[in-house]
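Have the sequence handy as you read.

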Amino acid sequence: MTTENHQERIRKIKRAFAYNLFYRQGVSTGAASLNDYFLAVAYTLRDRMQHLFVNSVEAVMEKESKIVSYLSAEFLMGPHLHNNLVNLGLYEDFDEAAAACGLDLQDLIDHEEEPGLGNGGLGRLAACYLDSLATLQIPAIGYGIRYEYGIFDQEIENGWQKEKSDQWLKPGNPWEIKKSDLACDVGFGGHTEIYHDNQSLRRVRWIPSRCITGIPYDTPVPGYRVNNVNCLRLWSAQAHSSFDFADFNTGDYYGAVEEKINAETITKVLYPNDEQSEGKKLRLEQQFFFTSCSLQDMIRIHLLIEDNLDNFFDNFAIQLNDTHPAIAVAELMRLLVDKHFYGWDHAWKITTKTLCYTNHTLLPEAMEKWDLSLFGATLPRHLEIIFEINQRFLDQVRLKYPGDIGRLQRMSIIDETGSRYVRMANLACVGTKAINGVAAMHTALLRKHTLADFHAMFPGKIRNITNGVTPRRWMAVSNPRLTALITEAIGEGWLTRLDELSALEDLLDDANFREAWQQIKLLNKQDFARRIKCETGQIINPQALFDVQVKRIHEYKRQHLNVLHIITLYNRIKNNRDLDMVPRLFVFGGKAAPGYYMAKRMIKLINSVAEVINNDPDVRDLLKIYYIPNYNVKIGHHVYPMTDLSEQISQAGKEASGTGNMKFSMNGALTIGTLDGANVEIREAVGADNFFLFGLNVDEVMELQNNGYSPHNLYQGNEELKAAIDLLASGYFSHGDCELFRPLIDTLLNHDHFTLFADYQQYIDCQQRVSTTYFDKDLWTTMTIKNVARMGRFSSDRSIDEYSRKIWNVDPFPVQLKWQNLPEDGLLFNPRKNQRKCYDH
């Protein structure tokens with residue numbers, strides 16, 4: 001990016017530090033806080049990204065390259081500073097400049113507040129894809145919501161999850177740039193009316209009862225060692241008028257600011273609790289708000305370079321990340337028909353050639369649907385459009401499948417059973433050009449079960465693109481020791497061509513390499529052990545097997561199966577004080593949805609079992625349990641590198657893909673898991689001998705449940721399972737309270753929807769194989785090297801390449817810099833008539 005010499009670069013960075021500290025933060029070095037220093041360094045880096053960002057926008061607009069628009073309710077980006085330094089190739093320069101200024105760059109990296117703009121895999125996947133889009137030099141905009149309060153901060157009090165507000169913006173966000181002049185208006189409620197235009201054509205006008213303004217905030221997303229910088233554009237809600245003087249002057253002080261409060265509520269918090277009707281309404285408003293703003297923004301960009309929207313799909317490929325933005329089908333139709341006066345058929349052609357849909361779930365409860373009365377009251381014009389789409393679509397179904405009433409009912413966008421609902425997944429399936437699953441098994445199940453009718457109606461429309469993760473963040477940033485070792489051994493090309501990791505297999509017999517590999521894992525474990533000691537006072541043996549399950553807390557992910565294994569080991573130790581076994585540290589992390597009480601009880605279960613086992617002298621150091629509070633991306637940087645065993649133990653057929661499984665394997669952890677989600681492909685890639693498989697497969701689960709599954713019989717027939725459940729039921733882990741875990745126990749004994757008892761014995765036996773293998777240090781090391789070496793297909797670069805070729809029809813667009821550096825005394829200006837076109841997307 002630059003030809004200037006090293007010392008000159010360091011001098012300029014130091015000068016920029018001082019400039020930003022004094023002029024942006026308004027403090028001297030003597031009065032500056034750690035946050036002031038962090039912001040000064042972050043602004044310095046952002047300034048160096050900005051000329052790349054402006055060049056990228058200008059180049060794309062001038063060449064009219066196709067843009068990928070990725071619409072997602074979540075973007076779990078993680079901290080930016082370290083990742084941006086790595087991608088821009090500036091880490092060493094900034095580290096040296098910071099040290100010369102008396103600063104520790106790692107302290108500044110650790111200080112950064114993580115943007116809480118996602119809950120888990122969905123948002124983290126979106127972030128990995130933005131990284132890969134930029135790295136592969138594909139022009140893209142990520143569209144989402146700028147939540148004032150992100151996913152809650154989790155605290156553990158007396159073993160229970162407590163939710164605290166996530167004030168991620170409080171310290172300041174140096175990465176975003178507010179673009180008030182690109183604001184969009186979004187309506188809600190009201191009514192529609194019919195009128196005739198000057199050509200006597202029948203038209204519909206929507207007259208909302210209230211209108212809210214969306215303000216975009218742009219965050220640059222740099223690719224790895226390329227000139228391309230893409231954009232994450234997040235929308236914040238604002239009232240048209242934030243203060244009513246008339247109300248204020250009459251003494252109605254709340255009324256004076258009521259509009260402002262109501263408007264800003266829409267982007268106040270990620271995923272409001274939707275158990276009550278007001279929560280459901282707010283969630284629907286959130287989804288429509290950011291989707292409408294984003295579509296309006298794309299149309300504005302398109303019309304800067306085109307006279308009409310006839311070829312909108314040539315300039316934009318819009319990917320809907322799950323059903324949250326599926327309202328885009330109806331909104332794009334509304335904008336085309338009502339605002340730009342296209343005929344229905346022409347508008348439908350544009351819509352269905354532009355939109356694409358990713359399905360992320362097989363769980364029926366996760367397939368979004370909205371009560372018809374709520375939907376109609378909130379978006380009356382969109383309900384009319386959906387009725388019209390549905391009628392035309394069902395006419396096609398009738399022609400292809402005459403007399404098949406059941407099929408019509410299943411495929412209808414409107415669920416007519418009981419209370420009427422709008423099925424958002426069906427809307428997305430009808431109104432998009434392509435549907436994709438996120439793992440081979442997930443896609444097969446979509447075609448066979450969940451979306452079987454749509455697969456039959458539109459053969460070839462449902463495609464598979466297995467998820468991936470970016471090795472830049474999940475190896476280079478989170479595991480610098482392993483990254484350095486691999487780079488020294490095979491060169492640095494693997495960070496953008498992950499399949500080059502296969503060259504590591506040539507080093508399997510290299511004793512020095514194997515010893516260095518083992519030492520890195522030990523150092524990472526020692527780092528984590530120190531973290532636990534600092535937080536809890538517990539002394540952890542770094543030679544123990546670090547057994548980790550970090551993910552959203554949910555019954556189908558079966559954290560309680562893991563707990564049953566721990567209790568089983570505990571019973572064995574209590575029954576045989578001389579038991580010789582592999583010492584284990586069990587690590588859990590993850591958040592439960594605030595309204596999901598069974599999941600919150602599972603957190604209490606883990607911590608209650610930990611309280612007893614960690615303090616029982618009979619256990620010695622054979623078993624330890626640690627629950628990580630407030631697990632997030634930042635903590636993940638420390639967790640993936642230290643893990644020996646990755647727990648991927650969801651019931652087969654429930655996990656769409658999973659990406660944590662990939663991150664663990666990339667960092668040298670072995671997997672114990674079921675044939676669920678991407679586990680199937682990971683096992684195929686690394687080899688069956690390098691994966692600890694247990695449990696029923698999908699067909700076996702369905703057969704068991706269809707033939708009258710009796711978990712109580714399994715409980716009665718398995719001595720160790722019965723002993724574990726009985727000890728739990730006795731109040732042993734709950735200070736004598738026999739009722740505390742009764743809801744969990746009764747659910748397992750009487751229903752066991754996720755077949756824990758059916759998989760229990762295989763899981764216990766498989767864990768014994770894990771222990772036997774861990775005893776053999778050389779065998780374990782060989783297996784871990786093979787896991788890393790064979791993870792090439794799980795890069796998000798591969799995923800994005802497949803999207804680009806199979807769905808979006810978009811080519812890489814390398815950006816050539818028009819200048820290398822900004823002058824130190826100001827910005828470069830290039831006056832021209834279309835200057836706004838070039839600089840404002």
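Predicted model: local features only at pLDDT ≥ 70, side-chain atom pairs only at ≥ 80, totals over all residues.

## Two crossing helices

Helix α22 (residues 559-575) packs against helix α29 (residues 719-729) at an angle of about 100°, and their axes sit 9 Å apart. That puts α22 roughly perpendicular to α29 (the label covers angles of 65 to 115 degrees). Axes here are lines fitted to C-alpha atoms over the stretch in contact, with angles running from 0 to 180 degrees between N-to-C directions. Helices are DSSP runs of H or I with at least four residues, strands are E runs of at least two, and both are numbered from the N terminus.

On the α22 side, the contact (heavy atoms within 4.5 Å) uses L564, I567, T568, Y570, N571 and R572, which meet E720, L721, A723, A724, I725 and L727 in α29. Sort these residues and you get eight nonpolar, two polar and two charged.

Residues are numbered from 1 along each chain as its sequence is written, and side-chain values use heavy atoms, leaving out hydrogens and water.

## Aromatic pairs

Count Phe, Tyr and Trp rings (the six-membered one for Trp) with centres within 6.5 Å, calling planes under 30 degrees apart stacked, over 60 edge-to-face and the rest tilted. By this rule there are 21 aromatic pairs. F17 and F94 make an edge-to-face one, at 5.8 Å centre to centre and 70° between the planes. F17 belongs to helix α1 (residues 6-24) and F94 to helix α4 (residues 91-100), 77 residues apart. F17 is buried at 6% relative accessibility, and F94 is buried at 0%; buried means under 20% relative accessible area, exposed over 50%, partly exposed in between (1.4 Å probe, protein chains only).

Y570, back in helix α22, pairs with Y732 in the loop between α29 and α30 (742-750), 162 residues away. Y570 is buried at 1%, whereas Y732 is partly exposed at 34%. Ring pairs also join Y70, Y129, Y803 and W808 into a cluster.

## A three-stranded sheet

Three strands form an open antiparallel sheet, ordered β13-β15-β14 (pairing takes at least two DSSP bridges). β13 (369-371) and β14 (414-415) are the edges, each with a single partner strand, so one side of each has no neighbour in the sheet.

Notes
Parallel < 35°, antiparallel > 145°, perpendicular 65-115°, else oblique. Nonpolar A, V, L, I, M, F, W, Y, C, P; charged D, E, K, R; others polar.
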